[in-house]
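I opened the model to look up its helices, cores, ring pairs and charge pairs. My notes follow in the order I went through them.

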Amino acid sequence: MVKGLGTVYRKTRTRKDGGTREFYVAQIRIHDENGQARIIEGQGQSPSDAVDARTRAIARALNGTVPVTQRRTPTREGTINASITEWSNTRAVGARTREHTNAVIKNHISSTIGDKTINRVTEQDILNLIESRETQWTRVAVYKCLHAYLKYAEKTGLITHNPMTRIDEPRAPRAKGATSPDMEERVKRLRGMIAWMKRTKWNEAHPMYWARIMLALNGLRPGEARGLTWDAVEDLRKSKGMPRIIINKQLGYQHGTLTLIPHAKNDNPRIVLLRESTRQALLTWKKAQTSLKRRKSWKPLNKMENLILTTDNGKPLRQQNDSTQWKAIQSEAQKNYKKTVYWTMAYNRHIAVTLLRDAGVAPSIVAVIMGHTIAVEDKKYYHAQLSAQQEAFQKLDEQA
């Protein structure tokens, strides 16, 4: 067996009488309520006893917040429900990821194969479970949850054979409303919204959120934009050359606390050139924010004093408020249309990718700007507009 965190290994200890004693040790790293990492260990005469002891130790460390597997039902021979719940509640992930995983377990796994023992689940059982889900997104979620859990079980010695070895991940569906006609309509509506904002001087009255929209169209993910700090913006006034931003962190939840966390999408910082419209929007908001900082009501959160996107009292722009405000703007800007077309703020990245690609920008350049691979760009982000297809066919007609 392999020794290390997250594994079950055999250990030999020399007794006082010169003899030896062999037992098993199960270790795992968890994070307590304060976000501090702790190593929890359990010992037993068998791998399953060691895992049971570790589970009880975790429960004691977290004041009983983690369900404890009954001792009479060893985790290795127990049900999937007991083992997968322990795995979900102790792995080092964010609060939202844990909440999503627990929902998948509760709604799709516990009621189907949850009562089976872990060593008796077959490849066909998992295939039947995935295929029985109603939507493609649910099939993907179930696959990812089980795939991560069974890899953990295999690594810790709970199983000797992984039944998902030959099962391919279901193909993720394209974003809702991502067909070409819908993209064409969204591009038209977005251009109309921006024109309306400038015409009514909405952008001057709401400088912070105008900067938020421009950052989205500059290719930043929602978490990247909300977690951007002023020290990550270089040469904003164009005194030395090209204004740019360095993206290496994002605003998100870690262990239930809103904080700035290292970027999860790529290991290396991403440098993105600022569009002139984005640069002007940031300059305007920086001037307004500097004035707000002189007020007594300005009370930013700890270690977030340098955030760019904040409310008038210095608090960070949260995801819920971001989504609510964006939807309200869409409703107001499209009130003269017969039908309001809605899309998420994150979908503006899809629009930016499509406009750049349809304008003839190389896919590799677009991928660098957006911070993803060309394969991901082709699969999820790029939706060729019908007008671009028409222009392409016109060129083809001229040649043949």
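I took helices (H or I, at least four residues) and strands (E, at least two) as DSSP runs, numbered from the N terminus. This is a predicted model, so I kept to the rule that local features need pLDDT of at least 70 and side-chain atom pairs count only at pLDDT 80 or more, while totals for chains, interfaces and linings use all residues. Residues are numbered from 1 along each chain as its sequence is written, and side-chain values use heavy atoms, with hydrogens and water left out.

**Entry 1. A pair inside H10**

I began with helix H10, where arginine 279 and glutamate 276 both lie, 3 residues apart, about one turn of the helix. Their side chains meet in a salt bridge at 2.9 Å, N to O. I used the term for a side-chain nitrogen of Lys or Arg within 4 Å of a carboxyl oxygen of Asp or Glu. For exposure I called a residue buried under 20% relative accessible area, exposed over 50%, and partly exposed in between (1.4 Å probe, protein chains only). Arginine 279 counts as buried at 8% relative accessibility, whereas glutamate 276 is partly exposed at 39%.

**Entry 2. Other salt bridges**

How many salt bridges does the count come to? I got 12 salt bridges by this rule. Side chains of opposite charge can pair when their charged atoms come close.

I then looked up aspartate 322 and arginine 226, whose side chains form a salt bridge of 2.7 Å, N to O. Aspartate 322 lies in helix H11 and arginine 226 in helix H9 (residues 222-226), so this pair ties together parts that are 96 residues apart in sequence. Aspartate 322 is buried, with a relative accessible area of 2%, and arginine 226 counts as buried at 8%. Through shared partners, salt bridges join Arg212, Arg226 and Asp322 into one network.

I also noted glutamate 224 and arginine 221, with a salt bridge of 2.7 Å, N to O. Glutamate 224 is buried at 1% relative accessibility, and arginine 221 is buried at 10%.

**Entry 3. The cores**

I defined a nonpolar core as a set of buried Ala, Val, Leu, Ile, Met, Phe, Trp, Tyr and Cys residues joined through side-chain atoms within 4.5 Å. The largest one has 45 residues, and Tyr209 and Ile213 have the most contacts inside it. Two or more residues come from each of helix H6 (180-199), helix H8 (207-217), strand E5 (244-247), helix H10 (276-292), helix H11 (319-333) and helix H12 (347-358). H8 gives the most to this core, with 9 residues.

Which residues does tyrosine 209 touch, not counting residues up to four places away in sequence? I listed Trp202, Leu317, Asp322, Gln325, Trp326, Ile329 and Met345, with contact meaning heavy atoms within 4.5 Å. A second, separate core of 30 residues includes Ile84, Ile130, Tyr143 and Leu150.

**Entry 4. Helix H5**

H5 (residues 136-155) has 20 residues and reaches 29 Å from its first C-alpha to its last, close to the 28 Å expected. I took the expected span as 1.5 Å times one less than the number of residues. Its buried residues include Val142, Tyr143, Leu146, Tyr149 and Leu150. The buried residues of H5 pack against helix H1 (47-61), helix H2 (80-90), helix H3 (95-109) and helix H4 (123-131). Just after H5, glycine 157 takes a positive phi of about 85 degrees.

**Entry 5. Rings**

I found 2 aromatic pairs in the structure. Rings of Phe, Tyr and Trp (its six-membered ring) pair if their centres lie within 6.5 Å; planes under 30 degrees apart count as stacked, over 60 as edge-to-face and the rest as tilted.

The rings of tryptophan 87 and tyrosine 149 have centres 5.7 Å apart and planes at 55 degrees, so I logged the pair as tilted. Tryptophan 87 lies in helix H2 and tyrosine 149 in helix H5, so the pair ties together parts 62 residues apart in sequence. Tryptophan 87 is buried at 5% relative accessibility, and tyrosine 149 is buried at 0%.

The rings of tryptophan 326 and tryptophan 343 have centres 6.0 Å apart and planes at 70 degrees, so that pair is edge-to-face. Tryptophan 326 is buried at 2% relative accessible area, and tryptophan 343 is buried at 6%.
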